[in-house]
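Biologist: Could you walk me through this structure, one spot at a time? I am happy to start wherever you like.

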Amino acid sequence: MVTSLNVPRLVVAAPSSGSGKTTVATGLMAAFSERGLAVSPHKAGPDYIDPGYHALATGRPGRNLDAFMCGPELVGPLFAHGAAGCDLAVVEGVMGLYDGAAGRGELASTAQVAKLLRAPVVLVVDASSQSRSVAALVHGFASFDPQVRLGGVILNKVGSDRHEVMLREALEEAGMPVLGVLRRAPQVAAPSRHLGLVPVAERRADALAAVAALAEQVRAGCDLDALMALARTAPPMACEPWSPEGADPASPACEARDLGRSPGRPPVIAVAGGPAFTFSYAEHAELLNAAGAEVVTFDPLRDESLPEHTAGLVIGGGFPEVYAPELSANERLREAVAAFAARGGPVAAECAGLLYLARSLDGKPMCGVLDADARMSERLTLGYREAVAVSDSPLAATGTRLRGHEFHRTVVEPGAGAAPAWGFTRPERRVEGFVQQGVHASYLHTHWAAEPSVALRFARAAAGNR
């Protein structure tokens with residue numbers, strides 16, 4: 001049912017990566033939450049790590065809005081699903097404001113998300129090496145696309161009172177409101193490594209302290225009342241909120257859901273979590289639950305057995321390369337995973353899950369489900385992919401088309417098994433991943449909201465494995 005959603009909202013963007021979007025967005029989320037507001041946190045693009053900090057700041061699941069993986073038509077419904085009942089929504093952008101999928105124009109850019117949500121944009125500018133030129137920079141971003149409404153600027157990494165005066169004077173001449181000024185504060189920066197920020201699950205106590213410090217920094221340097229007033233200028237949105245139970249009753253997806261709810265106890269689907277496996281989209285668990293499954297999280301670093309009655313296994317992304325010795329040392333769980341796969345149990349593994357199922361990772365024994373070895377690499381593999389399933393599996397029928405994302409500094413050799421998981425059609429043609437018995441393992445990260453039938457198909461396979 002199409003409804004009118006009238007949630008105040010802001011998109012936090014920047015001219016480029018590294019300008020301070022995460023600092024400002026997370027700080028705003030925490031500061032407004034401390035005022036007693038229900039804040040809905042969102043992240044444009046495929047990033048898994050920033051939403052973890054957003055969730056800490058707000059106490060709500062961080063949700064992604066990715067117009068490439070899910071399609072522009074789902075951005076509004078997914079936003080409405082997450083923001084329902086909230087007092088404010090804050091969307092952190094990706095890369096620079098107008099940067100999107102390579103060669104696809106505005107597709108998957110922060111600007112596109114802002115337009116789809118009809119939300120005002122706050123531009124975070126790293127002012128550390130400029131003064132009056134900031135006005136020319138901001139003017140360019142404000143005028144590049146008239147449909148993007150730039151409502152104000154937050155100046156980051158300002159060096160001194162005099163520096164602030166020069167910046168404000170320049171932006172006043174340009175007619176652009178300054179909604180905040182943040183000084184350099186390295187003490188609240190989150191640590192990074194080869195794929196970006198260190199996830200919350202690996203540093204929870206320190207992450208809580210960092211989020212609190214960000215809230216204090218934003219409270220001190222930003223005009224929260226002016227930002228809230230700007231958020232309230234977003235007009236109502238008319239759209240049908242996305243629902244994990246919203247499949248067409250006549251669709252094959254509904255058939256899968258009915259099988260997932262067949263008589264007997266719900267199929268238990270074990271989902272890997274803990275510090276080594278932190279990458280997941282909230283909608284995946286919601287879809288599995290809607291399909292009639294019981295989702296139970298386990299930690300491959302600490303748990304020595306799979307959850308009781310496990311009928312399906314999901315091992316998503318994360319950083320197993322950081323924890324390879326500890327994962328290898330948990331021999332009992334490795335053997336349990338291998339035995340589950342050998343019995344034909346349905347397994348869906350993405351990226352980190354692929355590494356964990358391999359024979360070895362950087363020389364450390366892993367589960368040995370796949371006749372392949374993984375190692376760290378100097379080369380970063382990063383980018384959107386268009387894929388088609390080339391082998392039948394519990395996750396996807398042959399011919400299923402999905403858009404996904406690769407993001408890793410590891411290599412698996414060989415890169416594909418006798419029955420590959422995916423055939424990539426863009427930006428390059430190649431096959432990738434492994435399908436064997438009930439296992440579907442691949443580097444490709446996917447968002448199941450774009451094709452709910454994969455979650456429902458997996459739940460059906462788990463129901464048949466009880």
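Modeller: Let's begin with cysteine 351, which lies in the loop between β15 (347-350) and α13 (352-357). Please keep in mind that this is a predicted model.

Biologist: Thanks! What is phi of cysteine 351?

Modeller: Cysteine 351 is not a glycine, yet its phi is positive. The value is about 55°.

Biologist: Is cysteine 351 buried or exposed?

Modeller: Here we need a cut-off: a residue counts as buried when its relative accessible area is under 20%. Cysteine 351 has a relative accessible area of 6%, so the residue is buried.

Biologist: Where is alanine 108 found, and what is its phi?

Modeller: Alanine 108 is found in the loop between β5 (88-92) and α4 (110-117). This residue is also something other than glycine, and its phi is positive, near 70°.

Biologist: Does alanine 108 count as buried or exposed?

Modeller: The cut-off for buried is again under 20% relative accessible area. Alanine 108 has 5% relative accessibility, so it counts as buried.

Biologist: Which residue does a cis peptide bond join to glutamate 413?

Modeller: The omega of this bond is about -5°.

Biologist: Let's turn to histidine 54. Which side chain joins that of histidine 54 in a polar contact of 2.7 Å?

Modeller: Histidine 54 is found in helix α2 (residues 49-58), and it is buried, with a relative accessible area of 0%. Leaving out residues up to four places away in sequence, it touches Thr26, Met29, Pro41, His42, Lys43 and Glu92. The side chain that makes the 2.7 Å polar contact is that of glutamate 92.

Biologist: How are helix α1 and helix α7 oriented to each other?

Modeller: Helix α1 (residues 21-34) and helix α7 (residues 204-221) pack with their axes 7 Å apart, at an angle of about 85°. Angles of 65 to 115 degrees count as roughly perpendicular. The two helices α1 and α7 are therefore roughly perpendicular to each other.

Biologist: And how many residues of the contact of α1 with α7 are nonpolar, polar and charged?

Modeller: On the α1 side, the residues include Val24, Leu28 and Glu34. On the α7 side, Val211, Leu214 and Arg219 are among them. The residues of this contact divide into 2 charged, 4 polar and 8 nonpolar.

How values were computed:
Residues are numbered from 1 along each chain as its sequence is written. This is a predicted model: local features need pLDDT of at least 70, side-chain atom pairs count only at pLDDT 80 or more; totals for chains, interfaces and linings use all residues. Side-chain values use heavy atoms; hydrogens and water are left out. Helices (H or I, at least four residues) and strands (E, at least two) are DSSP runs, numbered from the N terminus. Buried means under 20% relative accessible area, exposed over 50%, partly exposed in between (1.4 Å probe, protein chains only). A polar contact is a pair of N or O atoms within 3.5 Å; within protein, one must be able to donate a hydrogen and the other to accept it, and residues adjacent in sequence count only if both atoms are side-chain atoms. Contact means heavy atoms within 4.5 Å. Axes are lines fitted to C-alpha atoms, for helices over the stretch in contact, and angles run from 0 to 180 degrees between N-to-C directions. Angles under 35 degrees count as roughly parallel, over 145 as roughly antiparallel, 65 to 115 as roughly perpendicular and the rest as oblique. Ala, Val, Leu, Ile, Met, Phe, Trp, Tyr, Cys and Pro count as nonpolar, Asp, Glu, Lys and Arg as charged, and the others, Gly among them, as polar.
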